[in-house]
Amino acid sequence: MLVLNQNTQRDTGRSAQLANIGAAQAVSGIVRSTLGPRAMLKMLLDPMGGIVITNDANAILREIDVSHPAAKQMIELSRAQDEEVGDGTTSVIVLTGEMLQVAEPLLARNIHPTVINRGYSAARDAAIKACDAMARPISLDDKAALRALVESCIGTKFSSRWGDKVIEMAIGATLKVVVEKGGVDGKESHKEVDIKRYAKVEKLPGGEPSDSRVLDGVMFNKDVTHPRMRRKIANPRILLLDCPLEYKKGESSASVEISKEEDWNTLLRIEEEYIENMCAQIVAARPDVVITEKGVSDLAQHYLMKANITAFRRLRKTDNNRVARACGATICSRTDEIQESDVGTGCGTFEVKKVGDEYFAFLEGCTSAKACTLLLRGGSKDVLNEVERNLQDAMQVIRNVVLEPKLLPGGGAAEMAVAHALQEEAAKLPGVEQFPVRAVAEAMEVIPRTLAMNCGAKVVRALTQLRAKQKDSGPTWGIDGTCGDVVDMNDTDGPNIWEPYAVKVQTIKTAIEAASLILRVDDIVSGIKKGK
């Protein structure tokens, strides 16, 4: 009997589960070679004909168009990981693919997916417990430890050849935008690190990479509205507005009938008086620079120029917020509500400079800037785009450590130690329950295995050595991703790779939960018509 439509495709039971596992493995196979310092780059053509060259899993999978629902689910994982902690996007995809692969023999033995999921859930809790036991605290004042941490993140990326420049910029920019929030009525204060809003990356092709820097303030791509306005001011008073400095136009189309000729002049005079009054209110606050998000009419420019005030118009809301945070100003919505406290005085110098063919306004030397701009210079747009992606990752790493100052050993050491802990945990469980936990332990070894594989080491020998070292000397031994040797991550002369606790734990949680979700699917129906 036919219940579903003729052209509907349906996979059920074992075939659906195997199809999902196959799709997930295909996606993890795409990004597997981009893990570690010896990572390969992927070149992708986007629909517009542009080229993206990157080894960032999130950037790769964002550009790939897939049709299988399980593959789409995997791509969603890397995006969620990127938004949540900003790093570990490749690890989470590789680990999820492996978790599903090790579940295949369990399904073949007719172990029910819910039993597998129960085991995976127990394994997740045990893995997090093992990570807690291994974690070591880090002080934000310890610049050497922070540098080593960012180095382990940047080392796998294209911009590692820029050396210390990117590391210094990432640390400087992130620590600038840390703000203490709360602490009122006996509540504990918490730190807020909003990199997305307050640490803007400006890419200017040309110049030397060594010219890149973090500004003690902000810059934006605008020129003054009137050519005779001042272009350089020391210790400027800055006023920020989000209202137009022009005559208000009617919301709906309005027609005016004039019977006398003088009435026309009266109308024009009212408009001029309105703008003159507006500018008088601005001049009363004695600012040197006025920045508005809306338009500035020619007449308003004239009045402001006569008062020796420099004006900028149509600045983006996000840029305006950054300027406010950098120089201590408050954005005003109406000119008649301007108070002395709204004027920003925290800026050292204001200057409009020409870089290439464009004019940029620089607000630098801000005393307690809680926002900044990262100025990137370099050969071509493609290089700068990739360096920007790497910078964002590095800043997210510092952000994670600011919010949770704990580290775990890198180079596959943490994963190997978690695998060992899970094997011990599985031995305590009865009967069938222990198989899924053992499977997760086996899957955890994919990270050190892939690291060894990507740098051309002898994989089986490296992993056997690593297991033996961890058993004898503790969980800080891992694989040096550049040459494939087994080394102690605690050794300051060695690679000394440590990773943020938040990234590792998020990777393990996401991978196990996503694998559990995909395993529970036993029916895929496609070809459903949209409702007419």
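Tutor: Buried here means under 20% relative accessible area. Keep in mind that this is a predicted model.

Student: Okay, strand β11 then. Which way do Ile238, Leu239, Leu240 and Leu241 point?

Tutor: Ile238 and Leu240 go one way from β11, Leu239 and Leu241 go the other, and all are buried. In a regular strand, side chains alternate between the two faces of the sheet.

Student: Which strands does β11 pair with?

Tutor: β11 pairs in the parallel sense with β12, residues 289-292, over four bridges. β11 also pairs with β14, residues 331-332, again in the parallel sense, over two bridges.

Student: And what does Leu241 sit across from?

Tutor: In β12, Leu241 stands opposite Thr292. In β14, the bridge partner of Leu241 is Cys332.

Student: What about Cys327?

Tutor: The closest cysteine sulfur to that of Cys327 is in Cys366, at 6.3 Å, which is too far for a bond. A disulfide would need the sulfurs within 2.5 Å.

Student: Is Cys327 buried or exposed?

Tutor: Cys327 is buried, with a relative accessible area of 5%. Cys279 is buried too, at 3%.

Student: Switching to helix α10. Which residues are buried there?

Tutor: Ala300, Gln301, Leu304 and Met305. Down the axis of α10, the buried residues fall within an arc of 130°, so they line one face of the helix.

Student: What covers them?

Tutor: The cover includes α9 (261-284) and β13 (310-312).

Student: And what follows α10?

Tutor: Asn308, with a positive phi near 65°.

Technical notes:
Residues are numbered from 1 along each chain as its sequence is written. This is a predicted model: local features need pLDDT of at least 70, side-chain atom pairs count only at pLDDT 80 or more; totals for chains, interfaces and linings use all residues. Side-chain values use heavy atoms; hydrogens and water are left out. Buried means under 20% relative accessible area, exposed over 50%, partly exposed in between (1.4 Å probe, protein chains only). The arc is that of the directions from the helix axis to the C-beta atoms. Contact means heavy atoms within 4.5 Å. Two strands pair if DSSP finds at least two bridges between them.
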